[in-house]
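Q: I have a model open here and would like to go through it with you. Could you take my questions as they come?

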Amino acid sequence: MRFYERSAGAVVYAIDGGEVLYLLLHGRYGWDFPHGLVRLRETDKAAALREIAEETGLKVELIPSFKEEIRYKYSKKGRTVYREVVYFLARSYGLNVTLSQEHDAYMWVDRDRAMKMVSRDETRAVLLKAWRKIVEMEKLAD
């Protein structure tokens with residue numbers, strides 16, 4: 001039996017001392033960006049903002065013109081689950097995270113460390129696209 005899930009979240013970043021830091025959350029499947037299931041009649045953007053607030057306590061600003069989707073499958077209770085995740089780019093102006101019970105740790109890390117910590121290749125590709133967008137927007141030297 002196959003099962004389909006749609007999730008939304010964001011690559012959450014902050015600039016601290018001129019350095020771009022990315023927020024990673026640790027849960028049962030490893031390190032990832034904040035995201036979660038899209039509810040019935042909820043938009044992807046609304047779900048992303050809700051999930052970020054629920055999982056981190058942060059209020060963020062979604063960056064226009066960034067939206068990346070990934071797809072993967074995993075096994076859950078003997079069923080194959082096909083998950084589609086839409087990631088936005090979100091800027092946080094604070095670093096104080098209030099972690100939800102869904103996760104056991106969080107870290108603000110630079111791009112290189114995030115690339116090593118993120119669990120999926122597909123998510124690493126999203127991180128690289130987000131990094132390029134941030135460098136362009138923030139006028140940072142890469």
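Q: To start, is R41 buried or exposed?
A: R41 is exposed, because its relative accessible area is 78%, where buried means under 20%, exposed over 50% and partly exposed in between, with a 1.4 Å probe and protein chains only. Before going on, please note that this is a predicted model, in which local features need pLDDT of at least 70 and side-chain atom pairs count only at pLDDT 80 or more, while totals for chains, interfaces and linings use all residues. Residues are numbered from 1 along each chain as its sequence is written, and side-chain values use heavy atoms, with hydrogens and water left out.

Q: Where does R41 lie?
A: R41 belongs to the loop between β4 and α1, with helices (H or I, at least four residues) and strands (E, at least two) taken as DSSP runs and numbered from the N terminus. Its phi is near 65°, which is a positive value in a residue other than glycine.

Q: And what is phi for S65?
A: For S65, phi is near 65°, again a positive value in a residue other than glycine. S65 is placed in strand β5, and S65 counts as exposed because its relative accessible area is 66%.

Q: How many bridges join β5 and β6?
A: The two strands, with β6 covering residues 79–92, pair in the antiparallel sense over 13 bridges; pairing here requires that DSSP finds at least two bridges between two strands. Along this pairing, E69 stands opposite V86 in β6, and V60 stands opposite S92 in β6. The hairpin of β5 and β6 has two residues between the strands, and in it K77 takes a positive phi near 55°.

Q: How many residues of β6 are buried?
A: Eleven of the 14 residues in β6 are buried, so that strand is mostly covered.

Q: Changing topic, which residues touch the most other members of the largest nonpolar core?
A: That core has 26 residues, and V11, Y13, Y22, L24, F33 and L89 are the ones that touch the most other members. A nonpolar core is a set of buried Ala, Val, Leu, Ile, Met, Phe, Trp, Tyr and Cys residues joined through side-chain atoms within 4.5 Å.

Q: Which elements give two or more residues to this core?
A: They are β1 (2–16), β2, β5, β6, α2 (111–117) and α3 (121–138). The largest share, six residues, comes from α3. Apart from this core lies another one of 17 residues, among them A8, A10, L58 and V60.

Q: You mentioned A10; what does A10 touch?
A: Not counting residues up to four places away in sequence, A10 touches F33, P34, I52, Y87, F88, L89 and A90, where contact means heavy atoms within 4.5 Å. A10 is found in strand β1 and is buried, because its relative accessible area is 0%.

Q: Why is D44 called buried?
A: D44 is called buried because its relative accessible area is 15%. D44 is found in helix α1, and, leaving aside its neighbours within four places in sequence, D44 is in contact with R6, A8, V38, K67, V86 and F88.

Q: Last topic: how much space lies in the largest pocket?
A: About 600 Å³ of space lies in the largest pocket. A pocket is an open set of points on a 1 Å grid over the protein atoms alone, where a 1.4 Å probe fits, with protein on both sides within 12 Å along at least five of seven lines; grid points are joined across faces, edges and corners, and a volume is the space filled by probe spheres set on the points.

Q: Which residues lie nearest the centre of that pocket?
A: R28, Y29, H35, R83 and E102 lie nearest its centre, out of 22 lining residues, a lining residue being one with an atom within 4 Å of a point. By class, the lining has seven nonpolar, seven polar and eight charged residues, with Asp, Glu, Lys and Arg counted as charged, Ala, Val, Leu, Ile, Met, Phe, Trp, Tyr, Cys and Pro as nonpolar, and the others, Gly among them, as polar.
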